[in-house]
Amino acid sequence: MDDKILQTLEYRKILNTLSKYTQTSMGGTIVDQLKPSVQLEDVKQLLAATDQAYTVDRLKGSPSFGGITDITEPLKRARIGGTLNPHELLAVANTIMGSRRLKRFLAQIHEDEPIEILYNLSELISEQKPLEDAIKACIDESAEVMDSASPELAQIRRELRNGEVRIREKLDGMIRSQSVAKMLQDQLITIRGDRFVIPVKAEYRSYFGGIVHDQSGSGATLFIEPESIVAMNNKLRETRLKEEREIEVILQKLTALVGDQADLLAIDVDLTGQLDFIFAKARLAHVMKASLPRMNDRGYLKLKKGRHPLIPLDQVVPIDVDLGNSYTSIIVTGPNTGGKTVTLKTIGLLNLMAMSGLFIPAEEGSQMCVFDAIYADIGDEQSIEQSLSTFSSHMTNIIRILKNMTPKSLVLLDEVGAGTDPAEGSALAIAILEHIHAMGCRMIATTHYSELKAYAYERNGVINASMEFDINTLSPTYRLLVGVPGRSNAFAIAERLGLPGAILDFARGEVKEEDQRVEHMIASLEENRHEAEVERGKAEALRKELEELKARHSRELAKLEEQRDKYVDKARLEAKKLVDKARSEAEEIIADLRKLAQEEGASVKEHKLIAARKRLDEAEPEQKRKSSVQRNPKEKRKIEPGDEVMVYSLNQKGHVVEMAGAKEALVQLGIMKMKVSLDDLELLSAAPSKKPQAQRTATVLKRTRDESTRSELDLRGENLEEALIEVDRFIDEAFLSNLGQVYIIHGKGTGILRTGIQEYLRKHKHVKSYRLGNYGEGGTGVTIAELK
């Protein structure tokens, strides 16, 4: 892309703004080198990365790049064997730590919200934790080498501290001596050139043996190292030299570690710079209230409420542009200061931003095109040094554009043909526009020439447009009106400003009748357009209101469904608890009855069964009991033997065997008979005409259900563990029902189920014997058990 075009469209100003949102110098360098891409796939990838960073910024905020610096130069020196100073080594450690934090931050985001591009970039960052720990173990946050860096350094610094203490003690004793104190300017110990000295008055110099290291500005004070501590200071100096040598050794070792990982660290620096650049684009999008454009390479451009990014939000007027579909060229007419030039720059700049992977300040749904080049001739480039007039300057640019443009280029021309004779200028403008249009380029041009209105009207693929002007306020509104050619408004403005009517009438008479008709037609078009816009505004408001209403109803419906699901889940949980409780109670009751049957044989008393039944009723879910004990308000009829009745106290159906007096009846409840008060009975159905079959009695009583006991059990398809539980329950029920033999259907299959069941039956206390089924009974797929 031509740098001159980028300058004309103010692309560099956008980059300067973007650079403010980078957090590292590497990100700033990438911004400085940013150029629009002319490859569609590359642009889509850049925009996708910006979109993912925008999502991260919206959900979690921008990641921190704290501690990450450009360590490229220290890495180069480390590669060639140079020694890094503590500040450089600390910068390397901090960069490693910051890169690791950034990598983990993006990995956590990726678990909840897919950010494939950013995640893949961050995964390339090498985590040099051992190197970071090695540096941090030797150098503190103030970039000082710590005593713990090596045992030798720790010993040397202990000697230094001890030596300084001894020297201070020696000097402290001297300055507290009365004979010495009067010779001192101040009773303090100071340092000059790494050596301890005391401030002595100049007149007492001869009383002190030692070395003068400095004197005050006035010469009244001499800073003398007493002779008694010269040897001690010399020893301290030697120790400091040892310290410097040991520190140098430590720094060389750390630098060697850095040099070993220099290549990986250089890649890490580059990756963090790229991530910083991507997140800077996302932050710029937030600030500009920009959106992600859809990209194509078909020459189609659609701006919805596009705004110039360098004009304040409260001042900019959005524009709508559709180019490359029904028409490929737009001719914009209208008065000066109407916003034509800003419109051209807005279209060109937003397309450059999109091609650079930046969001554009426009509504969602906008589309931008990846052009192979964008050419612009905008503004007055008159040059005194080159002796070029405005016309010549424009022609020079246009000639260069005509030489380089292709059918996949976007051409922006401001005031084409201006600066010369109107007749020749308009003819030249039409010829230039026709050539560009015939080439197949996408073109937007502005002009003052009315002849170009007719050209745009008559030419297929070319459309008129204008910048709206408010006659009432005599000021432009800066709105682009596509499809409506511009009016001069000269007569209207002159009339509003007070020009005499006679002059206006004379002027109108000088205008050709055909031109007047065109002006009236344009005025009518503008009036119709205004009315259509008002109606469209009302329709849009109604549509938004309906959408909001629909959205509100959808939210309320979703809320109700969520509440319903919560109530259903709660009810299911409560029901499960009730069922589990009832099942537990039932198992206990079955166990108790089985124990009673074993202990008492046939002498199980009726009151014990009633007590067991009562426990079952108490274990039954409360809601079910409430609904089941509701009496059916039927007309009462005298109860007779054979009638089917409901016993309320037991919540059990039964048949009347015989009447036991005037107030009681003997009722058959399954295999159990008991006397029940007539007030505790409700007639369900009258006795059938034939005598009901007598109930079979047994010595062991168990069943409390009204359905008949099964004599066969089908276990096909179940696993062995589940099948054995079913067999145990089945044998108990059959035994308590006094059945002689039962059929257990297990199928043939692999034989695992048959073998397991027969092994279980062999050990069961209620099973007398068992055998496989004969021909006609199911063969080897059935086991027949005979009960005791």
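Trainee: Leaving aside neighbours within four places in sequence, which residues is Glu 786 in contact with?
Mentor: Happy to start there: this is a predicted model, in which local features need pLDDT of at least 70 and side-chain atom pairs count only at pLDDT 80 or more, while totals for chains, interfaces and linings use all residues. Residues are numbered from 1 along each chain as its sequence is written, and side-chain values use heavy atoms, with hydrogens and water left out. Contact means heavy atoms within 4.5 Å. With neighbours within four places in sequence set aside, the contacts of Glu 786 are Gly 740, Gln 741, His 766, Val 767, Lys 768 and Ser 769.

Trainee: Does Glu 786 count as buried, exposed or partly exposed, and which relative accessibility puts it there?
Mentor: Glu 786 sits in strand 23 (residues 782-787); helices (H or I, at least four residues) and strands (E, at least two) are DSSP runs, numbered from the N terminus. Buried means under 20% relative accessible area and exposed over 50%, with partly exposed in between (1.4 Å probe, protein chains only). Glu 786 therefore counts as partly exposed, with a relative accessibility of 35%.

Trainee: And Ser 122: what is its relative accessible area?
Mentor: Ser 122 belongs to helix 7 (residues 116-123). Beyond its neighbours within four places in sequence, Ser 122 is in contact with Lys 103, Leu 106 and Leu 275. Ser 122 is buried, and its relative accessible area is 0%.

Trainee: Why is strand 17 described as largely enclosed by the rest of the structure?
Mentor: Look at its pairing, where two strands pair if DSSP finds at least two bridges between them. Strand 17 (residues 664-669) pairs antiparallel with strand 16 (residues 652-659) over four bridges, and six bridges join strand 17 to strand 18 (residues 672-677), also antiparallel. Strand 17 is largely enclosed because its buried residues number five of the six.

Trainee: Which residue of strand 17 is the bridge partner of His 655?
Mentor: Let's stay with this hairpin, which has four residues between strand 16 and strand 17, with Gly 661 taking a positive phi near 95°. On the strand 18 side, Ala 665 has Val 676 as its bridge partner. For His 655, the partner in strand 17 is Gln 668.

Trainee: How wide is the arc covered by the buried residues of helix 2?
Mentor: The buried residues of helix 2 (residues 11-19) are Tyr 11, Ile 14, Leu 15 and Leu 18. They lie on the same side of helix 2, because the arc around the axis, taken from the directions from the helix axis to the C-beta atoms, is only 100°.

Trainee: Which helices do those buried residues of helix 2 pack against?
Mentor: An α-helix has 3.6 residues a turn, so residues three or four places apart point the same way. The buried residues of helix 2 pack against helix 1 (3-8), helix 3 (25-32), helix 12 (262-288) and helix 13 (340-355).

Trainee: What percentage of the protein chain's residues count as buried?
Mentor: The protein chain holds 23 helices and 23 strands. Of its 788 residues, the buried share is 41%.
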